[in-house]
Amino acid sequence: MTAPLLEMRRVVKHFPANGGMVRAVDDVSLQVAPGETLGLVGESGCGKSTLARLVMRLFPPSDGSILFDGTDLTTADRAAVAEYRSGLQMVFQDPFASLNPRETIGRILEQPLVVHRRGGRAERRDRVNALLERVGLRPEIAARYPHELSGGQRQRVGIARALILHPRMIVCDEAVSALDVSVRAQVLNLLLELRAELGLAALFISHDLAVVRHMSDRVAVMYLGEVVEQADRDSLWDRPLHPYTRALIAATPSTSPAARRRERLMLQGDLPSPIDPPRGCRFHPRCPLAQPRCREEAPALRRVGATEVACHLA
Amino acid sequence: MPLLEIRGLQTWFETRAGTVKAVNGVDLSIERGETVALVGESGSGKSVTAYSVLRLIEAAGGRIAGGEVLFDGTDMLRLDLASLRAVRGNRIAMIFQEPLSALNPVQSIGTQIVEALRLHRDIGLRAARERAVELLELVRMPSPRERLEEYPHRLSGGMRQRAMIAIALACEPDLLIADEPTTALDVTTQAQILDLLRELQGRLGMAMLLITHDLGVVAETADRVAVLYAGRVVEQGPVETLFDAPAHPYTRGLLDAVRIEELPPGSRLPEIPGMVPSLLALPPGCAFAPRCPRATPACDAGPPAMRAGGEGRLHACFNPWLSTVEGRVPA
C-alpha cells in the first residue's frame, strides 16, 4: 500500500466550555492516500468540522499527531507548516462568509500567490484568469465583488481559490450544502472533473449521505467525536454494520414515493451534548439494539470483513 | 369546494432596482385533510406564497398585487384585520424553519401554548394548562409536564420544533402551513418530525401546505406537489405519478439532479445549465426557456398556460415530456 498523504493518529481535540470540556474529536485515526477521497459523514456536533479545522491546522490538537506527506505538523517549524498549507487547501460551506467582501474576486484569488511568493504580477494574473476559466467563470468576474455573484458562482470562486497554489489535497467542508439542487450538480461535477484532472486527494465532509457516497472512495461515519464505522464506499452502503450508520441511511429521505412505506430504523431522542457524552458506547441511549454491556464498556474500532466498526454487537 | 384555493396570486416587492415579482400568478388548491407540497429552489416564491396566504407578507415589505386566496370560501385578501386575526393561529396555523426565532425567548413553552389557546378559545387558565400538557404529549415531547416551565433556549432543536408544532395545533387548525419545518434539523431528527407530522395530520384530519426545497421530504410526506419556478407553478399533480414521470423539463431536471443514489458513484451528474432568472427582469415567454433542453422559438413568445395532462396532472409547458399525457413511455 502506498504511504498515506494525510495521516491522523489518535487525534483528540477538547474545548473548554461552560462547566466542562467539549470532547469535539476524541481519539480519531484516519488516513487518506494520494489521489483518494475520504468521505466523512455525521450530524451536527459529531466533530466533523473540528476535524477539518485540525487538518487545516487552524488550531492544534489537544493530543495525537497529524502527518502530511510524512511530516508531523504538531512538531514542525513555521516553514514546514507554510509548505504544508500550500499543499492542502480548504473549500468552505458558505462562500459568502469565506470571501472578503471588500476585495475583488481577482484580488481574492491572487492573495495566496502573493503570500506564498509565487510568480510575478503578470504570471499571477495569468494564473488567476486561467483558473477562473477552468472553474467555468468569465475573466470579467475578476473585477467584481463577492456580493455581485450568485451562490453557485461564489462557490466556484471558493474552489478556484483552493486550487490556485496547486495543492495535493483539498478539504471540502459541506461545500455544496448551501446550494440549490440544480446548482449543486454543477459544482459537484466541477469537483469531480478537477479531482481527476489534477490527481487531487480529498477529505469530503458532509451531512448528506447521498452526496458523500457519490464523491468518496472510502467513508468514515462520526458520532459525538468518534469514528464509529469506516469502510470502502460500497461495503458501507451495501452492508452497514453500526446501528447508527444504518439509522442514518434509513433516515435519508428517498425521492421515490414508493419507498415511503418501507420499514425503517427510527432513532429515538436527540443527539446528546458533547460536553458530557454518555458513558460506555456514546450511541447507546439512542440505540435500538443496546445491551447492558453497551452502557458500561466503550467499544473499540475493530475489523469485521472490509469494515472497521466500533460496536459490541457488529 | 376546496379548503384553500389560491387564484392568480401576485406578490411584489418594491426595491430600488425595480419591482421584484416574487409571486407572479400562482394557482393552487388544497382539499380538506390533504398534504400539498410547494417545492422550488431559493427565490422561486414558495415562502412568499405561504406568507401571502396569512397576509404576513405586508410586514415583510411585500405587497399583494392581485389574485384571490379563498379559505373555506372567504377571500383572505379582503378580510379586515380583526377577522384576519380570528383565522390566524386558529383555523390556519403556521410553523417555521427556525423555531428559535419563531418562539418567544422570554416566555416558557407552557405560557406560549396557553396564550395561543386563550386568544381563540373561551377557556380558563387551569384548563388551558392541562390542555397544554396534552398537546405536548401529542407531539411526543419527553416529560411534557416538566417542559411547560422550560424556555426555548433550553430545548434541543428537535424538541423546539415539537414545541412549535404543539403551539400551532393548540386550536386544532383546519390547515397547517409548514415552512421548511425540518430544514434546520439533522437527518435523524428530521425523520422523527416528518413521521410526527404525518401521524398528527392523519389523526386530526387537518390539511397541510408543506413548503420545502427538498424533493426527498416531498416524496415522503405529500399527497400532491406543486413545483414553482420564478414565481409560477410550472407543474402540479399527485406525488407518485409526477415523480415517476415528470412532464415539465424543469421538474425532470430537478429530480435528475437529486437522484444521486441511482447513479454509479463518481459519474457525471445531470445538471440544469445556467441559473434562475432575475425576478426584476423575467423573460417575456416561459421563464425556464433559457435553461431548457426542449425549448423552441415559440417558448420565448409568451408564457405557457397551465394545461391538463390527465390523472389530476397539470403543466405549463409547450413541449412537455409526453409520457404524462399517454401514461408512461415504454422502456
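According to UniProt, an unreviewed entry, residues 6–249 of chain A carry the annotation "domain: ABC transporter". The same record gives chain B the annotation "domain: ABC transporter" over residues 6–255. Keep in mind that this is a predicted model.

**The annotated stretches**
- In chain A, residues 6–249 are 40% helix and 27% strand, with the end C-alpha atoms 27 Å apart.
- In chain B, residues 6–255 are 40% helix and 27% strand, and here the end C-alpha atoms lie 26 Å apart.

**Chain B as a whole**
- Chain B contains eleven helices and twelve strands.
- Its radius of gyration is 21 Å, close to the 20 Å that the globule rule gives for 331 residues, so chain B is as compact as a globular protein of that length.
- The C-alpha trace of chain B spans about 65 × 50 × 40 Å along its principal axes.
- Among the 331 residues of chain B, 50% count as buried.
- Of the contacts in chain B with a separation of 6 or more, 62% are between residues 24 or more positions apart.

**A closer look at strand E3 of chain B**
- Strand E3 covers residues 35–39, and five of its five residues are buried.
- In a regular strand, side chains alternate between the two faces of the sheet.
- On E3(B), B:Thr35, B:Ala37 and B:Val39 point one way, while B:Val36 and B:Leu38 point the other way.

**The partners of E3**
- E3(B) pairs in the parallel sense with strand E8 (residues 207–212) of chain B over five bridges, and B:Ala37 has B:Leu210 as its bridge partner in E8(B).
- E3(B) also runs parallel to strand E9 (residues 224–229) of chain B, joined by four bridges; in E9(B), B:Ala226 is the bridge partner of B:Leu38.

Conventions. Residues numbered from 1 in each chain as written. Chains lettered and ligands numbered in written order. Predicted model: local features only at pLDDT ≥ 70, side-chain atom pairs only at ≥ 80, totals over all residues. UniProt positions renumbered as here; feature names shortened; annotations may be inferred. Helix = DSSP H or I, 4+ residues; strand = E, 2+ residues; numbered from the N terminus. Rg over C-alpha atoms; globule rule 2.2 N^0.38 Å. Buried ≥ 20, exposed ≤ 12 C-beta atoms within 10 Å, placed from the backbone. Contact = placed C-beta atoms within 7 Å. Pairing = 2+ DSSP bridges.
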